[in-house]
Amino acid sequence: RSDGNPVGLIDGGDFWHSDSSHRDFPSMATILYAVQNPRQGGDTEFANMHAAYQVLSDDMKRRVANLKGIHAVSKLKNKRVTVSPRRPDGKGFYEQQKSLPDQIWPVVRTHPVTGKKALYVSPRFTIGIEGLAPSEADEILDYLFAHQIRPEFVYRHAWRDRDLVMWDNRSVIHQATGGYVYPDVRTMHRTVVAGDRPF
């Protein structure tokens with residue numbers, strides 16, 4: 001901002017995730033409108049979770065068919081992510097969020113419109129699997145997290161001013177890639193559409 005005070009979140013959208021999977025009604029869709037883009041960096045990556053599920057081995061499909069992931073909003077509850085050192089209030093913010101309830105969702109969700117199955121886990125929000133010991137849950141999650149961002153599933157969007165992109169959070173995960181520093185700025189307008197409970 002022109003007065004020197006930061007606006008927005010420095011770490012907003014970092015790490016692969018589906019928007020609001022930590023809420024009791026995760027978002028159906030997200031719309032981003034690019035007002036101003038940095039000279040370099042600022043891309044967003046998307047990964048297709050239907051495609052990722054389809055090519056899992058039959059054995060892995062059976063293994064995860066009835067599992068439920070534990071989704072938590074606080075980064076301090078998640079060993080796979082970090083709080084940005086560029087966010088002075090980060091530790092305090094995520095400490096407050098530790099008291100918010102975790103959400104339990106199927107590892108494989110069914111799209112309510114198309115009926116297609118998709119992986120519904122992400123490194124940002126999924127911290128465990130209900131009923132499994134951490135070691136067993138980590139083995140499965142580490143495999144799925146690596147699998148779901150294989151290059152053939154990923155699209156990288158290089159933003160231009162006035163681009164508008166909308167995506168289905170029931171079908172994809174995404175992440176902001178960063179790569180720009182102040183005084184370069186990235187200004188986006190964001191709208192999140194309320195969704196339904198995964199099944």
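Tutor: In this predicted model, Gln175 touches Gly13, Phe15, Trp16, His17, Asp43, Thr44 and Glu45, leaving aside residues up to four places away in sequence. Gln175 itself belongs to strand 10, which covers residues 172–176.

Student: Why is Gln175 called buried?

Tutor: The relative accessibility of Gln175 is 15%, and buried means under 20%, so Gln175 counts as buried.

Student: What makes the pair Gln175 and Glu45 a polar contact?

Tutor: The side chains of Gln175 and Glu45 meet at 2.8 Å, and the cut-off for a pair of N or O atoms, one able to donate a hydrogen and the other to accept it, is within 3.5 Å, so the pair is listed as a polar contact.

Student: Why is Asp163 called buried?

Tutor: Asp163 sits in the loop between strand 8 (154–157) and strand 9 (164–168). Its relative accessible area is 10%, and because the limit for buried is under 20%, Asp163 is buried.

Student: Which residues does Asp163 touch, not counting those up to four places away in sequence?

Tutor: They are Leu32, Tyr33, Ala34, His157 and Ala158. Asp163 and Ala34 are 129 residues apart in sequence, yet 5.3 Å apart in space, C-alpha to C-alpha.

Conventions. Residues are numbered from 1 along each chain as its sequence is written. This is a predicted model: local features need pLDDT of at least 70, side-chain atom pairs count only at pLDDT 80 or more; totals for chains, interfaces and linings use all residues. Side-chain values use heavy atoms; hydrogens and water are left out. Helices (H or I, at least four residues) and strands (E, at least two) are DSSP runs, numbered from the N terminus. Buried means under 20% relative accessible area, exposed over 50%, partly exposed in between (1.4 Å probe, protein chains only). Contact means heavy atoms within 4.5 Å.
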